[in-house]
Amino acid sequence: MQMKQNGYLVLDTNIWVYTTRLLSTSLGAAVIYSLSQTKSKLALPEIIEEEIRKHTLKIGSEAVAGIHKHYRLVEQLMGSRDDYKVPTTDEFATRVDSRLSELDTLIHRTDFSIGHAKSAMSRVLEESPPNGYKNQQFKDSAIWESILELANETDVDFVTEDKAFFQDGKPSKGLASNLITDSQNKSGKIRVFSELSEYLKVVKKEMPPLDNKKIIEEIDKLINSDLYRRAVDQRYKLGDISNSAMKAFLTEQPKIVAIEFEITYFASGVVMPETGGIIEAYLVVKGSCECNTTLYQVTDIDLESISMVAKDGGSVLPYGSISQRVGCIYEGRRTIPHRLREPLD
């Protein structure tokens, strides 16, 4: 028996190109993260893939034309100009291919078939949604046929800003009645969203939450021995974790989140340098790392600061109050190699 897929997500061309710039914006990163966490696939009908290329070249060429126009103004104002380089049409086309290749493990392609074409043409002739009177939408009709085919396997979410898919052209009224009828008696359920943010809000509730406690535990495993040696050298005893906090950030990589963390440890036998008295205090460690959310594997830890804090909140010198980066433990300062860092929550 063939195993049922976890689900498909179909994004209309506008979402791909104009809203997320080939899934390269923060919203795009949120989509990629949601797919990796729900183990769903990004279904890409052939007709949408061709539209992605067409519209990427279109807006890319328009952007280049705008650069030329405005740089001409700079030249006139300054009386001179530097050479500059902008992408060619071929380079924009290559970028589409390379971006889709980057996302290949998430993508499920669907071919445009004769069956899709015939059914789409019937919808056009019937003037039924996503068509209307004097409003022929063959492309949208073909996309819907692809979605119906996917729903024979599993659930399908479709995000489109095209109001033609909705009753009376109003998303607030839900999916058009004939499309609701189409979606009945399928193995999977079809949900249609008019905004990407609406989809992300719904799917977030369905995703397993990030296990912050486990991530902190993994970080502690990697840094504890170095912190222990530091405590021995400075003649105090490092205790258990008393408190912790972390923030997670989306990155371009589907399964990788960037983490900023703060872990507070109990510390005993700390000698006050002014009086020679022994107190109990807290060792506060701040840093960053990466975490694979599938394996919960923590890598690239970078400690930002280590400070000793008395229970009344004052710093305890010379144990801490270190404001510079603590790179000696982890082979120097390493920057998390991501262009995009968007808060997960």
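This note goes through the sheets, the backbone exceptions, the salt bridges and one surface patch of a predicted model.

1. **Basis.** The model is predicted: local features need pLDDT of at least 70, side-chain atom pairs count only at pLDDT 80 or more, and totals for chains, interfaces and linings use all residues. Residues are numbered from 1 along each chain as its sequence is written, and side-chain values use heavy atoms, with hydrogens and water left out.

2. **Antiparallel sheet.** Five strands make an open sheet, ordered β9-β8-β7-β6-β10, with antiparallel pairing. Helices (H or I, at least four residues) and strands (E, at least two) are DSSP runs, numbered from the N terminus. Two strands pair if DSSP finds at least two bridges between them. The edges are β9 (297-310) and β10 (342-343), each pairing on one side only.

3. Strand β6 (residues 237-250) and β10 run antiparallel and are joined by two bridges. L250 has E342 in β10 as its bridge partner.

4. **Helices on this sheet.** Helix α2 (residues 26-38) packs on the sheet and touches β6, β7 (256-271) and β10. Contact means heavy atoms within 4.5 Å. The direction of α2 makes about 115° with that of β6. Helix α9 (residues 212-234) lies across β6, β7, β8 (278-292) and β9, at about 135° to β6. Axes are lines fitted to C-alpha atoms, for helices over the stretch in contact, and angles run from 0 to 180 degrees between N-to-C directions.

5. **Parallel pairing around β4.** Strand β1 (residues 8-11) runs parallel to β4, and four bridges join them. L11 has V159 in β4 as its bridge partner. β4 also pairs with strand β5 (residues 190-193), again in the parallel sense and over four bridges. There, the partner of D157 is R191 in β5.

6. **Side chains of β4.** Which way do the residues of strand β4 (residues 156-159) point? V156 and F158 point one way, D157 and V159 the other way, and all are buried. Buried means under 20% relative accessible area, exposed over 50%, partly exposed in between (1.4 Å probe, protein chains only).

7. **Backbone exceptions.** Most residues other than glycine have a negative phi, and most peptide bonds are trans. The P129 to P130 peptide bond is cis, with omega near 10°. P130 sits in the loop between α5 (114-126) and α6 (138-150). K134 is in the loop between α5 and α6. Its phi is positive, about 55°, although K134 is not a glycine. Y296, in the loop between β8 and β9, has a positive phi of about 55° and is not a glycine either. Are these two residues buried or exposed? K134 counts as exposed because its relative accessible area is 73%. Y296 counts as buried because its value is 15%.

8. **Salt bridges.** Side chains of opposite charge can pair when their charged atoms come close. The structure holds 22 salt bridges (a side-chain nitrogen of Lys or Arg within 4 Å of a carboxyl oxygen of Asp or Glu). One of them joins E102 to R99, with the closest N and O atoms 2.8 Å apart. Both lie in helix α4 (residues 89-102), three residues apart, about one turn of the helix. E102 is partly exposed at 48% relative accessibility, whereas R99 is buried at 7%.

9. **D168 and K173.** These side chains meet in a salt bridge (2.9 Å, N to O). D168 is exposed, at 52% relative accessible area. K173 is partly exposed, at 46%.

10. **A charged network.** Salt bridges that share partners join E49, E50, R53, D97, D104 and R109 into one network. Within it, R109 pairs with D104, the closest N and O atoms being 3.6 Å apart. R109 is partly exposed at 39% relative accessibility, and D104 is partly exposed at 44%.

11. **Nonpolar patch.** L73, V74, L77 and M78 form a nonpolar surface patch, with about 420 Å² of accessible area together. Patches are made of residues with over 30% relative accessible area and no salt bridge: like charges are joined within 9 Å, nonpolar side chains (Val, Leu, Ile, Met, Phe, Trp, Tyr) within 5 Å. Accessible areas come from the Shrake-Rupley method with a 1.4 Å probe; for residues, only the protein chains shown count as cover. L73 lies in helix α3 (residues 46-78). L73 counts as partly exposed because its relative accessibility is 43%.
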